[in-house]
2 protein chains.
Amino acid sequence: MIKAAILGYGTVGSGVAALIDQNSAEIRRSVPEGIEVKYILDLRDFPDSPYRDRMVKDVNVILEDPEIKIICETMGGKGAAYQFSKAALEKGISVCTSNKELVAAFGPELMATAAAHHCSYLFEASVGGGIPLLRTLNTGLSQENITRVAGILNGTTNYILTKMNRDGADFDTVLRRAQELGYAERNPEADVEGHDTARKIAIITSLISGRTARYEDVPCEGITKIDRMDFACAAALHAEVKLLGLCEKDGDGRYAVITAPFLVPEESLLAPVQDVFNGVLIHGTMVDDVVLIGRGAGRDATASAVVSDVIDAARHPGETVPCPWKGGDPMPLVPVAEQKRRFLVRVPAAEAGLAAQLFGAVRPVAAESGAARPAFGENGKSQPEQKEEYAFVTPVLSEGEFAKKAGEFSSVHRIRLLDPDMV
Amino acid sequence: MIKAAILGYGTVGSGVAALIDQNSAEIRRSVPEGIEVKYILDLRDFPDSPYRDRMVKDVNVILEDPEIKIICETMGGKGAAYQFSKAALEKGISVCTSNKELVAAFGPELMATAAAHHCSYLFEASVGGGIPLLRTLNTGLSQENITRVAGILNGTTNYILTKMNRDGADFDTVLRRAQELGYAERNPEADVEGHDTARKIAIITSLISGRTARYEDVPCEGITKIDRMDFACAAALHAEVKLLGLCEKDGDGRYAVITAPFLVPEESLLAPVQDVFNGVLIHGTMVDDVVLIGRGAGRDATASAVVSDVIDAARHPGETVPCPWKGGDPMPLVPVAEQKRRFLVRVPAAEAGLAAQLFGAVRPVAAESGAARPAFGENGKSQPEQKEEYAFVTPVLSEGEFAKKAGEFSSVHRIRLLDPDMV
């Protein structure tokens with residue numbers, strides 16, 4: 001039996017322990033000697049847990065046991081999780097983690113430590129929950145020149161946007177409901193402001209480029225300003241509003257990365273990704289589009305991803321599972337002002353003429369009236385209960401040009417379009 | 001440089017050569033020493049090919065060159081492809097193939113040969129084209145107890161069904177158009193009769209069970225009898241008609257496998273898989289549903305999958321990439337007569353009473369009238385231009401029971417439902 005330890009018996013950690021027990025037969029198909037959880041580190045007491053005999057409070061019991069080959073770090077945070085991971089890797093113990101904060105902040109350093117000590121630092125569970133996304137990028141698609149990844153990478157915000165769209169409800173109302181249901185944290189900032197998605201698309205960009213993309217360099221906009229009128233406009237354009245992490249490689253090999261709400265065409269394979277599901281569209285020059293969809297969060301799905309890493313580590317004893325992300329200095333990303341796309345724009349109705357003057361051939365959006373949602377009437381003018389607005393889609397232009405022109409209006413609200421030819 | 005050879009310079013083989021050239025930088029991220037195609041075996045002459053200097057007509061040139069570590073078998077068929085693959089593996093040369101016929105027929109034998117000679121027999125490209133499906137089952141989801149795989153695994157038939165649905169056209173008309181466009185073979189039997197899908201779901205079943213599922217044991221029904229009325233009924237039930245390969249594990253660990261047209265609910269993540277795309281829904285007890293979508297065929301997508309195997313083989317020199325499919329005696333599958341599900345049934349209108357008598361609580365289907373398609377009117381009765389039919393959905397029952405009851409009607413047409421609770 002290959003002996004493993006779990007650091008942190010919280011939601012994910014308890015799921016890992018349960019999965020390794022329940023699916024021992026399946027695991028033995030890949031790792032014939034089997035995998036056993038020998039220790040679980042947690043400062044709390046769990047007198048009723050079936051694993052109470054394996055609980056320890058001192059990490060050194062684990063680190064000093066030469067039988068331990070693999071650690072699952074399911075603690076979270078960047079303090080003790082970092083220290084314990086580093087110490088384990090220095091002893092040649094592979095670490096499998098669901099901690100995207102730590103990966104985004106210290107991934108290259110910890111991978112280098114692993115490589116120096118002939119073990120692995122693996123983090124499938126840090127992006128896309130149960131979707132086998134990182135392993136697909138690293139193995140199944142490692143032959144590809146990947147020129148675009150567009151991902152719905154945060155289940156909380158996708159749930160909120162789905163509910164807002166279906167029920168015609170406001171952001172605040174849906175957020176409260178999501179918090180009551182446990183789908184959103186009491187402090188939802190990391191989710192709704194897009195930081196979680198930014199961390200994940202930074203990790204993806206690092207994997208497909210081989211160089212470190214810092215999440216602090218990813219322009220990031222959340223969903224807090226999305227309102228019902230946005231959904232009415234989206235419906236008129238046969239599109240859905242989705243919070244995306246988007247990474248695009250240009251002809252010079254530079255990467256343009258952004259996290260923001262986007263209009264995704266209804267016929268896109270990302271459009272049916274609803275509720276707490278995550279979905280990722282990967283474009284390679286040979287394979288064309290590949291789409292992966294699954295549960296982006298939750299105890300069991302996340303635990304499943306952690307255990308897929310445990311199996312990978314167990315299959316490669318005494319060696320480092322290869323990873324295309326080689327670390328090194330952070331890679332400069334295409335500045336947001338240079339990123340080019342189209343925008344759906346809402347301005348005061350009185351400034352419709354200015355829109356045509358500034359943007360040239362704009363496409364007015366006459367949002368359909370719906371029972372549940374206030375909407376535009378004919379000619380893109382809003383219904384009487386709303387302030388009079390004029391909505392239009394711009395031609396392709398850079399974010400910098402757009403920002404300059406937008407400054408001319410007395411008020412502007414905009415959402416980006418995923419595809420330039422979608423309307 | 002790791003030296004490889006390609007057997008067969010047809011569509012897929014030429015794609016493999018091109019990909020290894022064009023994406024050499026990407027490949028070096030995974031295989032730092034790089035991969036080079038040293039030989040291409042083909043009996044034809046290609047005087048204008050950029051690879052003309054590497055063309056050989058005698059396989060022994062390849063097999064006797066100790067530099068060759070990997071072969072891509074893109075010949076097809078079960079004759080020379082089998083002999084050459086076997087001979088290569090016996091020399092410790094790994095073989096990567098797109099030849100699903102050969103894998104379905106001789107997969108376990110060739111894998112055993114590979115294991116005995118410390119090399120690998122890999123066949124990602126044999127199922128799902130460019131979708132990294134088999135690698136995901138073998139690695140990313142190897143920790144899962146997979147209880148269901150439902151796949152749209154044949155691009156030709158999915159294209160035909162998509163066109164029939166969109167255009168309200170007949171099977172024969174659409175098939176002819178698909179043949180003109182090169183989407184269907186001149187002899188389309190393997191596709192439209194479901195044999196290709198049956199081979200693929202047999203391979204998938206073997207991988208998730210670890211035991212050989214023979215494709216000859218998979219009950220197989222094609223799409224040649226699907227008519228426009230089926231689409232009208234599907235629309236009334238908010239469903240799509242899809243040719244599926246379906247594998248389900250029951251509580252006793254037995255596998256029920258079938259290839260047939262199914263009604264898939266519109267909200268299923270398989271429903272948006274249109275045209276020549278393939279899509280696979282995998283259900284694991286921990287990860288829940290994971291869906292993979294991509295191009296199931298075509299030169300570049302298939303070549304991409306072959307090269308993903310070449311990289312895997314190159315990363316594991318002198319060893320066998322582990323595969324959960326261990327071969328051995330064929331596994332008995334759940335007989336089709338014992339498989340349980342619901343059915344959409346069309347019988348002569350005069351026999352509506354018999355339907356209620358035989359099946360109990362049936363759900364009549366009042367298909368909506370559409371401009372392009374002849375359809376049922378109210379009460380499930382067909383329009384005057386059609387023969388009068390009564391359409392209904394049965395409760396859950398076994399295929400055996402269904403067949404017995406169906407024999408009581410003067411004529412019966414039926415399609416299976418994917419989910420028992422969909423209507």
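**Figure 1. Asp275(B) lies in the loop between strand 9 (255-265) and strand 10 of chain B.** The model is predicted, with pLDDT of at least 70 required for local features and 80 or more for side-chain atom pairs, while totals for chains, interfaces and linings use all residues. Residues are numbered from 1 along each chain as its sequence is written, and chains are lettered from A and ligands numbered from 1 in the order in which they are written. Strands here are DSSP runs of E with at least two residues, and helices are runs of H or I with at least four residues, both numbered from the N terminus. Asp275(B) is not a glycine, yet has a positive phi of about 55 degrees. With 14 other C-beta atoms within 10 Å, Asp275(B) is partly exposed; a residue is buried at 20 or more such atoms, exposed at 12 or fewer, and partly exposed in between, with C-beta atoms placed from the backbone.

**Figure 2. His118(A) occupies the loop between helix 5 (100-116) and strand 6 (121-122) of chain A.** Its phi is near 55 degrees, a positive value in a residue other than glycine. His118(A) has 14 other C-beta atoms within 10 Å and is therefore partly exposed.

**Figure 3. Strand 10 (residues 277-284) and strand 11 of chain B run antiparallel and are joined by 8 bridges.** Strands count as paired if DSSP finds at least two bridges between them. The two strands form a hairpin with 3 residues between them. Val280(B) has Leu292(B) in strand 11 of chain B as its bridge partner. Of the 8 residues of strand 11 (residues 288-295) of chain B, 6 are buried, so the strand is largely enclosed by the rest of the structure.

**Figure 4. Strand 11 (residues 288-295) of chain A pairs with strand 11 of chain B in the antiparallel sense over 5 bridges.** Val291(A) stands opposite Ile293(B), and Ile293(A) has Val291(B) as its bridge partner. Between the chains, 43 residues of chain A are in contact with 43 residues of chain B, where contact means that C-beta atoms, placed from the backbone, lie within 7 Å. On the side of chain A that touches chain B, the elements giving two or more residues are helix 2 (24-30), helix 6 (133-140), strand 11 and helix 12 (299-315) of chain A. Helix 12 of chain A supplies the largest share of that side, 9 residues. The residues of this side divide into 19 nonpolar, 14 polar and 10 charged; Ala, Val, Leu, Ile, Met, Phe, Trp, Tyr, Cys and Pro count as nonpolar, Asp, Glu, Lys and Arg as charged, and the others, Gly among them, as polar.

**Figure 5. Gly194(A) sits in the loop between helix 9 (189-192) and helix 10 (195-209) of chain A.** Gly194(A) is buried, because 28 other C-beta atoms lie within 10 Å. Leaving aside residues up to four places away in sequence, Gly194(A) touches Cys220(A), Glu221(A), Gly222(A), Leu243(A) and Thr259(A). Gly194(A) and Ile258(A) are 64 residues apart in sequence and 10.0 Å apart in space, C-alpha to C-alpha.

**Figure 6. Helix 4 (residues 80-90) of chain B meets helix 5 (residues 100-116) of chain B, with axes that come within 10 Å and cross at roughly 15 degrees.** The two helices are therefore roughly parallel, a term for angles under 35 degrees. Residues of helix 4 of chain B in this contact include Tyr82(B) and Leu89(B), and those of helix 5 of chain B include Phe106(B) and Leu110(B). The contact residues divide into 7 nonpolar, 2 polar and 2 charged.

How values were computed: Contact = placed C-beta atoms within 7 Å. Axes fitted to C-alpha atoms, helices over the stretch in contact; angles between N-to-C directions. Parallel < 35°, antiparallel > 145°, perpendicular 65-115°, else oblique.
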